[in-house]
Amino acid sequence: MDKGITLIGTLPPIKGISDTCLNQVQYLTNYIDVNFIGFKSIYPDFLYPGGSSKEKDVRFHPEEKRNLKIRDFLTWYNPFSWIWAGYSAKGEIIHFHWWTSYLFPIFFTIELLAKFRGKQLICEVHNILGHESNWLDKSLNRLIFNLSDYIIVHSEKNKKQLEEFFGKKNNVSVIPLGVLDFFNDTLITKTESREKLGVNNEDKIILSFGNIRGYKGIDILIKSFAKVKQIIPKAKLFIVGKNWIEWQPFQQLIKNYNLEDSVITDLNFIPTSKVKYYFVASDLIVLPYLKFEAQSGPGRIALAFGKAMVVTEVGGLPDLVRDRSVIVEPNNSGELAQAIIKVLQDNNYREKLEADSKELAQKYSWDKISEKIAELYKNIL
């Protein structure tokens with residue numbers, strides 16, 4: 001394919017969707033030449049709920065090679081960088097990631113210029129509707145989708161939403177996101193991980209990982225953990241991730257249930273190189289989301305580490321497990337507690353769930369996902 005394709009998204013140290021783009025760009029180059037355009041500065045830090053739009057751990061940035069050219073020059077404050085992206089994108093296809101309407105001016109400008117140049121535009125949609133969507137968010141999404149020639153969504157449910165809310169049903173491909181395997185960069189044991197985190201080998205560790213936001217159901221998880229603790233005294237709950245909302249109500253809940261010694265929090269952005277310690281140390285990953293329309297980053301990390309999971313029946317979370325008994329109703333602390341207790345009390349059952357995760361990790365490997373994307377490119381041209 002002449003000049004390959006141009007892929008637009010984010011790479012470390014920019015946070016955004018860098019984990020996905022990092023895996024995607026590494027594997028896509030097995031099939032096609034990739035020109036990657038990324039961000040040098042994506043948001044003003046004072047507007048970013050997580051405190052900073054960049055992480056300090058930059059060693060996970062991919063290296064350029066023969067068929068991979070990386071240009072990180074997009075900045076939120078310089079419209080000329082947006083214009084240059086639209087004019088300098090190489091190849092017949094521009095494949096860009098769309099995950100937040102805050103970036104509308106940038107991507108709309110790029111789309112218009114690329115259209116003017118006769119490029120084929122593929123919009124890979126991470127959120128059909130934003131996590132905290134409103135009428136403006138929907139209007140901006142509609143403009144982006146209508147300008148795109150092709151759309152990639154990550155689940156059949158997202159495809160139905162795209163048709164229901166935006167009337168888009170033609171030229172829509174369902175290609176799931178791959179597992180996030182680059183966090184598992186060095187082999188470490190559960191004992192080593194627990195020593196680093198200061199917990200005992202006898203403890204039963206439950207992990208909630210990722211940015212803490214209103215829809216994540218952290219209060220439901222704390223309530224369910226109080227029930228778990230009555231049955232499994234050695235259970236501990238790790239709540240790990242940058243806090244985007246007021247934490248005090250959760251802390252009060254922990255205090256009310258006398259869980260101060262059993263709930264361990266790290267309410268900061270976790271550097272990429274430290275993520276593995278939390279996942280390797282854990283016995284169970286829990287995703288108790290109240291509402292959700294996309295695929296879960298923490299869930300895809302859990303698959304890469306072959307971890308057992310309990311999830312709620314929302315969005316793409318059920319796709320992360322094979323056993324229906326670990327899929328529970330959202331906003332139901334009792335049902336969530338029962339599922340957690342079952343996994344932690346039965347080692348054979350937990351090992352079966354871990355085997356399921358390893359099989360799903362193969363199904364959602366980036367090599368297979370990238371092959372599907374490359375096939376889409378060929379069909380378009």
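Student: Which residues touch the most other members of the largest nonpolar core?

Tutor: In this predicted model, Leu74 and Val228 do, in a core of 128 residues.

Student: What is valine 228 in contact with, leaving aside its neighbours within four places in sequence?

Tutor: The contacts of valine 228 are Ile206, Ala235, Ala337, Ile340, Ile341 and Leu344. Contact here requires heavy atoms within 4.5 Å.

Student: What is the strand order of the open sheet, and how do the strands pair?

Tutor: The 7 strands are ordered E3-E2-E1-E4-E5-E6-E7, and the pairing is parallel.

Student: Why are strands E3 and E7 said to stand at the edges?

Tutor: E3 (68-75) and E7 (172-174) each have a single partner strand, so one side of each has no neighbour in the sheet. On average, neighbouring strands of this sheet are turned by 20 degrees against each other, direction ignored.

Student: What makes E2 and E3 a pair?

Tutor: Pairing takes at least two bridges. Strand E2 (residues 34-41) is joined to E3 by 7 bridges, so the two strands pair, and they run parallel. Glycine 38 stands opposite aspartate 72 in E3.

Student: Which helix lies across E2 and E3, running at about 150 degrees to E3?

Tutor: That is helix H2, residues 79-88. Helix H3 (residues 104-116) lies across E1, E2, E3, E4 and E5, and runs at about 165 degrees to E4.

Student: How many aromatic pairs are there?

Tutor: The count comes to 14 aromatic pairs. One of them is formed by tryptophan 98 and phenylalanine 107.

Student: Why is the pair of tryptophan 98 and phenylalanine 107 called edge-to-face?

Tutor: The centres must lie within 6.5 Å and the planes over 60 degrees apart. For tryptophan 98 and phenylalanine 107 the values are 6.0 Å and 85 degrees, so the pair is edge-to-face.

Student: How do you know that tryptophan 98 is buried?

Tutor: Buried means under 20% relative accessible area. Tryptophan 98 has 1%, so it is buried. Phenylalanine 107 is buried as well, with a relative accessible area of 1%.

Student: What makes tyrosine 289 and phenylalanine 292 an edge-to-face pair?

Tutor: Their ring centres are 4.9 Å apart and their planes stand at 75 degrees, so this pair is edge-to-face. Tyrosine 289 and phenylalanine 292 are buried.

Student: Where does the charged end of lysine 196 sit?

Tutor: It sits over the ring of tyrosine 277, 5.0 Å from the ring centre. Lysine 342 lies over the face of tyrosine 349, at 4.7 Å from the ring centre.

Key: Residues are numbered from 1 along each chain as its sequence is written. This is a predicted model: local features need pLDDT of at least 70, side-chain atom pairs count only at pLDDT 80 or more; totals for chains, interfaces and linings use all residues. Side-chain values use heavy atoms; hydrogens and water are left out. A nonpolar core is a set of buried Ala, Val, Leu, Ile, Met, Phe, Trp, Tyr and Cys residues joined through side-chain atoms within 4.5 Å. Buried means under 20% relative accessible area, exposed over 50%, partly exposed in between (1.4 Å probe, protein chains only). Helices (H or I, at least four residues) and strands (E, at least two) are DSSP runs, numbered from the N terminus. Axes are lines fitted to C-alpha atoms, for helices over the stretch in contact, and angles run from 0 to 180 degrees between N-to-C directions. Rings of Phe, Tyr and Trp (its six-membered ring) pair if their centres lie within 6.5 Å; planes under 30 degrees apart count as stacked, over 60 as edge-to-face and the rest as tilted. A charge sits over a ring if NZ of Lys or CZ of Arg is within 6 Å of the ring centre and within 35 degrees of the ring normal.
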